[in-house]
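The following note was prepared for a colleague who asked for comments on this structure. Please read it alongside the sequence and the coordinates.

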Amino acid sequence: MPDPRTPSYATRTPLHEQHLDGFGTVRVLPLDAAEDAGVIHRWVSEERAAFWGMTELTRDQVEAVYAHMDTLDTHHARLVVKDGEPVALLQTYDPGADRVSECYDVEPGDIGVHLLLAPAGARGARPGWTAALAGALMAYVLLGLDRTRIVVDPDIGNEKAIARFLRQGFTAGPAVVLPVVDLPDVHLPEKKAQLAFLRREVAFPA
């Protein structure tokens with residue numbers, strides 16, 4: 001008997017769908033906290049995802065985090081699938097409603113992005129794979145959502161993520177300290193972060 005919690009990605013209406021020659025079809029789906037908690041929990045539990053800050057959470061706690069996020073108008077979680085298989089967790093947010101706004105001058109049209117990639121899998125790392133996927137996601141965020149600039153705030157020690165953003169065309173901003181958030185529904189510890197920015201005209205020149 002099939003597990004009733006097994007997600008059905010094919011029937012979920014995509015927010016963005018893009019076919020890339022030689023790569024595959026990328027679909028950005030609304031995250032379903034209950035259905036997707038299993039796969040997200042597997043990703044965030046790995047040591048490689050330590051900078052995501054959820055390695056100690058149970059599956060039910062992961063579900064609760066994203067169920068809460070689904071109630072917000074300013075922060076959104078998306079599941080990214082490639083050819084029907086989940087490959088990334090994309091979170092977008094309004095920087096003006098986030099602690100990052102205390103660390104830089106927010107411009108109209110700004111959007112914040114957090115990106116967690118799935119493990120490479122049995123085939124291992126493939127040259128150009130991440131860049132192709134990121135290109136599709138930038139199209140969704142900048143063109144599909146009609147935003148003019150992306151801001152990212154990877155942990156200052158996450159050199160791999162910082163290098164990946166810079167290769168994607170981001171410009172490094174200042175190193176900052178994101179303040180503690182201690183609210184009834186959300187607790188975030190202080191974070192030393194490297195800001196970086198990508199303008200739409202740089203990613204998609206006319």
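1. The model under discussion is predicted. Its sheet is open and consists of 8 strands with mixed pairing, arranged in the order β1-β2-β3-β4-β5-β6-β10-β7. The edges are formed by β1 (16-20) and β7 (171-178); each has a single partner strand, so one side of each is left without a neighbour in the sheet. On average, neighbouring strands of this sheet are turned by 25 degrees against each other, direction ignored.

2. Within the sheet, β4 (residues 85-93) and β5 (residues 110-117) run antiparallel and are joined by 6 bridges. As a reference point for inspecting this pair, A88 stands opposite L117 in β5.

3. Strand β6 contains I150. This residue counts as buried because its relative accessibility is 0%, the cut-off for that class being under 20%. Leaving aside neighbours within four places in sequence, the contacts of I150 are I111, V113, M138, V141, L142, F170, A196, F197 and L198. I150 also lies 8.6 Å from G109, C-alpha to C-alpha, although 41 residues separate the two in sequence.

4. Helix α4 (residues 159-167) deserves a separate comment. Its residues A161, I162, R164 and F165 are buried. Viewed down the axis of α4, the buried residues fall within an arc of 160 degrees, so they line one face of the helix. The exposed residues E159, K160 and R167 are carried on the face of α4 turned away from that buried side. The reader may wish to note that R164 is listed among the buried residues, whereas R167 is exposed.

5. Against which elements do the buried residues of α4 pack? They pack against the strands β5, β6 (149-152) and β10 (191-199), and against helix α3 (129-144). After α4 comes G169, which has a positive phi, near 105 degrees.

6. A last point concerns T58, which is placed in the loop between α1 (33-45) and α2 (59-69). Is T58 buried, exposed or partly exposed? Its relative accessibility is 40%, and T58 therefore counts as partly exposed. T58 and G38 are 20 residues apart in sequence, with a C-alpha to C-alpha distance of 9.7 Å.

Terms used:
Residues are numbered from 1 along each chain as its sequence is written. This is a predicted model: local features need pLDDT of at least 70, side-chain atom pairs count only at pLDDT 80 or more; totals for chains, interfaces and linings use all residues. Side-chain values use heavy atoms; hydrogens and water are left out. Helices (H or I, at least four residues) and strands (E, at least two) are DSSP runs, numbered from the N terminus. Buried means under 20% relative accessible area, exposed over 50%, partly exposed in between (1.4 Å probe, protein chains only). Two strands pair if DSSP finds at least two bridges between them. Axes are lines fitted to C-alpha atoms, for helices over the stretch in contact, and angles run from 0 to 180 degrees between N-to-C directions. The arc is that of the directions from the helix axis to the C-beta atoms. Contact means heavy atoms within 4.5 Å.
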